[in-house]
Amino acid sequence: MANRLLFLGILAATAWAADPPTDPTETPVVPPELTVPEAEGLAAFSDIYRVTQSPRCMNCHPAGDAPLQTDLSIPHSMGVTRNSVYVGLMCSTCHRSKGLGHTLPHLPPADPHWRMPDAIQGFQGRTEAELCRQLADPEQTGDRNLDALTEHVRTDHLLMTSWHSGRTPPPISHGALVKRFEAWAAAGGPCPSE
Amino acid sequence: MKLNVNGESVEVEVSEDTPLLWVLRDHLQLTGTKFGCGVAQCGACTVHLEGAPLRSCVTPVHEVVDKDITTIEGVGRDGLNPVQQAWIDHAVPQCGYCQSGQIMSAIALLRFKPDPTDDDIDAAMSGNICRCGTYPRIRKAIQAAAAQLREADGE
């Protein structure tokens, strides 16, 4: 019995002392270095929040299934919802990839990837704190961490139509928004309390 | 510029931002597709691109080069499509101006949803406006065509 306990003790000690298994192809996970103070990150998110609540962003990120339109954020005409694609009415039926909407007023704005985000990615009706927690949670951003989210904001051309399709643009420039995301991410994605 | 329209390859000489609708109507004389509003709000100009509905009035022709385009003329070439037959059976058209667009959207709907509810029909067809207000007849005709297509499929 004593021998058995001794064997188990040695086994446990060995397991405790052993290095964790390493995979040479795996990059070690190192907590990101926070290079921006929390207060600055919070201020950056305030600006991000203002942008998300502008019609150009919120109209495609509504609380419900219907996209919104115009600066009044009224439901999309023709009863369009995120489910319309299942009956053959695609966003691309009217929103073309480089459609004439780029050049003429009153036409549907155009982009090759015109689409709605997932239902859990709504911006409408969220408080600043709620939306901050949402955007900081990769499970609610299509598996994007803060850096990937920043990259999405920097490069997604559908998102950039908000600034160049002739409609009222968001309250700050696209370049300024990218900088706010960089600052928020570098601060570790801090969120305001309620 | 080379286009595939109703199964045929055609060459057109137009500037690349010409709306597809004008290429169909003015250059290919396929005048079954109608001009309604010119801003993708009424559905009269609906054609199919690779089987999915498309508003040809807001589509620059360079976007559809080498892709399969089907117009109302291409739908009934080998005998009436069940949707067209149902349109006749239920006397759907009144003035008739919107009907080619309506039929193109209805065919696409039944391709995506062979057994549509009235709500599905409303969701799919709400971008096609009928100034004569024949919506109840449109709904009935689509249900009838759906039943006929299901029967033909052996259901």
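A: Start at the hairpin of β1(B) and β2(B). Two residues lie between its strands, and B:Asn6 has a positive phi near 50 degrees. This is a predicted model: local features need pLDDT of at least 70, side-chain atom pairs count only at pLDDT 80 or more, and totals for chains, interfaces and linings use all residues. Residues are numbered from 1 along each chain as its sequence is written, chains are lettered from A and ligands numbered from 1 in the order written, and side-chain values use heavy atoms, without hydrogens and water.

Strands (E, at least two residues) and helices (H or I, at least four) are DSSP runs, numbered from the N terminus. Two strands pair if DSSP finds at least two bridges between them. β1(B) and β2(B) pair antiparallel over four bridges. Within that pairing, B:Lys2 has B:Glu11 of β2(B) as its bridge partner.

β1 (residues 2–5) of chain B also runs parallel to β5 (residues 68–70) of chain B, joined by two bridges. There, B:Asn4 stands opposite B:Asp68 of β5(B).

Now the whole sheet. It is open, has five strands in the order β2-β1-β5-β3-β4 (chain B), and its pairing is mixed. β2 (8–11) and β4 of chain B are the edges, each pairing on one side only. From one strand to the next, the twist averages 40 degrees. α4(B) packs on this sheet and touches β3 (46–49), β4 and β5 of chain B; its direction makes about 40 degrees with that of β3(B). Axes are lines fitted to C-alpha atoms, for helices over the stretch in contact, and angles run from 0 to 180 degrees between N-to-C directions.

Next, the neighbouring chain. In contact (heavy atoms within 4.5 Å) are 24 residues of chain B and 20 residues of chain A.

One salt bridge is counted between the two chains. The term means a side-chain nitrogen of Lys or Arg within 4 Å of a carboxyl oxygen of Asp or Glu. A:Arg96 forms it with B:Glu63, the closest N and O atoms being 3.0 Å apart. On chain B, the elements that give two or more residues to the side touching chain A are β4 (52–55), α4 (99–112) and α5 (118–125).
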